[in-house]
Amino acid sequence: ADLPNVTILATGGTIAGTGATSTTTVGYTAAKIGVEKLIEAVPELKTIANVKGEQVFQIASENMTNDYWLTLAKRVNTLLRQSDVDGIVITHGTDTIEETAYFLNLVVKSDKPVVIVGAMRPATAISADGPINLFNAVGVAGSKDAKGRGVLVALNDEIQGAREVTKTSTMLANTFRAPELGNLGYVVRGQPMFYRASTRKHTTATEFDISRLDKLPEVDIVYGYANAKRLPVDAFVAAGDAGLVHAGTGNGSLANPVKEALKEARAKGVVIVRSSRTGSGITARNGEANDDELDFVAADNLNPQKARILLMLALTRTHDTGEIQRMFQTY
Ligand SMILES: NC(=O)C[C@H](N)C(=O)O
C-alpha cells in the first residue's frame, strides 16, 4: 500500500517486439506485444510499485509523428494532474526515444518523474534487455529522487537527461549516451542514484503549452555533405515549411548553393536554424556563418533532430528570430 503508483504508457518499439527465434536480434518485428503482457512478464514490478498499464498507440518508433507526440503529451499531463499517479513510464522504440524525450521535456507541466524506456533486443530474444530496463524505469518513476529532473531516459542501468541523450549505436545495449556530457546517474536494484542534473529549463519552467494545439508547425531537416545541392531546401520551402534545420558539416558550415537557398527561404519568412551533423559540441552563433547578417538562428549544442523539436515549439509562440535564438540558449 505504501508503494508509489506508476502508470506505464506503452507506445510500441522493440521492447514490445517479437522475433522468429530466440536468437533473432535483427529482423524481428517491433510493436507486437500489448502493455498487459509487458507488465505480466515482469512480476517483480509489484514489489516496487502499484503499476497500471495503458496502450496509447502501438508503433515502431521510426513511425513517430508530431500528432502522436501531441496525443502522448496530453495524456501524460492529464495523468500527472491526478493525485493517484506518482510517476509515469513510457515504453518506446529506441530509434526516436531521444526526440520524444526532448519534446516531453519541453511540454510536460509537472515535476513528477516521467521516464522513457526501450530495449535493443526484442522480448523473445535470449538475454532480452526489456524486462530489466522496465523494472529499473518503474523504480526511477516511483522515486522521489527523480522529481524535478526533467524527462529521463533509463536503459542499461543508466539514467540520461532528455536534452542531451542520443542513440549512438545501431545495435549495442549501451547505445544511449550524452556525448561529452555524460549520464545523470545509474539504477541499482530499481533505485536511482543521481550524480548530475541537466541545467537547462524544462517541464514546468518552459513557456510552451500544447494543451490547445492539435497540430505543430511544419519543420524539416536538410543534411549537409560534400556535393550538397539546394534541391531539398527548395522542395521543403515549396511544400510550405515554416522552419528548416540544417544539419551542417562541422560547426554548422553551409555549402554555397545550400546557403543561397536558405537565404532565399529566410527572405520568404522561413526560420532557419543551423545545427551540426557531428554529434557533439556547440554550433556557435556567427561562427561558420554570419547569423546576424543572414538572420539565422544557431542551435547551441542541440543535435538536428532536437533542434527541429525546439524550433517547432518556438514557432507556436513567435516568428521573431531574436526570441527564437533566446529559446535556443534557454532550453
Ligand atoms: N530498438 C528499437 O526499439 C528499434 C525500433 N526500430 C524502434 O525504434 O521502434
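**A left-handed unit**

Which β-α-β unit do E4, helix H4 and E5 make, left-handed or right-handed? Strand E4, helix H4 (residues 130–141) and strand E5 make a left-handed one. A crossover is called right-handed if, with the strands pointing away from the viewer, the path from the first strand over the helix to the second runs clockwise. Helices (H or I, at least four residues) and strands (E, at least two) are DSSP runs, numbered from the N terminus.

A quick word on what you are looking at: this is a predicted model, in which local features need pLDDT of at least 70, side-chain atom pairs count only at pLDDT 80 or more, and totals for chains, interfaces and linings use all residues. Residues are numbered from 1 along each chain as its sequence is written.

E5 covers residues 152–155. Leu152 and Ala154 point one way from this strand, Val153 and Leu155 point the other way, and all are buried (20 or more other C-beta atoms within 10 Å of the residue's own, with C-beta atoms placed from the backbone).

Two strands pair if DSSP finds at least two bridges between them. E5 pairs with E4 (residues 114–117) in the parallel sense over two bridges, and Val153 of E5 has Ile116 opposite. With E6 (residues 158–161), E5 runs antiparallel, joined by four bridges; here Ala154 has Ile159 as its bridge partner. The hairpin of E5 and E6 has two residues between the strands, and Asn156 takes a positive phi near 55 degrees.

**Around the ligand**

The ligand's surroundings include Gly13, Thr14, Ser61, Glu62, Thr94, Asp95 and Met120; a residue is near a molecule if its C-beta atom, placed from the backbone, lies within 6 Å of it. By class, this shell has three nonpolar, six polar and two charged residues. Ala, Val, Leu, Ile, Met, Phe, Trp, Tyr, Cys and Pro count as nonpolar, Asp, Glu, Lys and Arg as charged, and the others, Gly among them, as polar.

**The C-terminal domain**

An unreviewed UniProt entry annotates residues 219–328 as "domain: Asparaginase/glutaminase C-terminal"; such annotations may be inferred rather than shown by experiment. Over residues 219–328 the chain is 40% helix and 17% strand.

An open sheet of four strands has the order E11-E12-E13-E14, with parallel pairing. Its edge strands are E11 and E14 (297–298), each pairing on one side only. Five bridges link E11 (residues 219–223) with E12 (residues 243–248), and Asp220 stands opposite Leu244. From E11 the chain crosses through helix H5 (residues 231–238) to E12, in a right-handed β-α-β crossover. E12 is also joined by six bridges to E13 (residues 271–276), where Arg274 is the bridge partner of His246.

Notes: A residue is buried if 20 or more other C-beta atoms lie within 10 Å of its own, exposed if 12 or fewer, and partly exposed in between; C-beta atoms are placed from the backbone.
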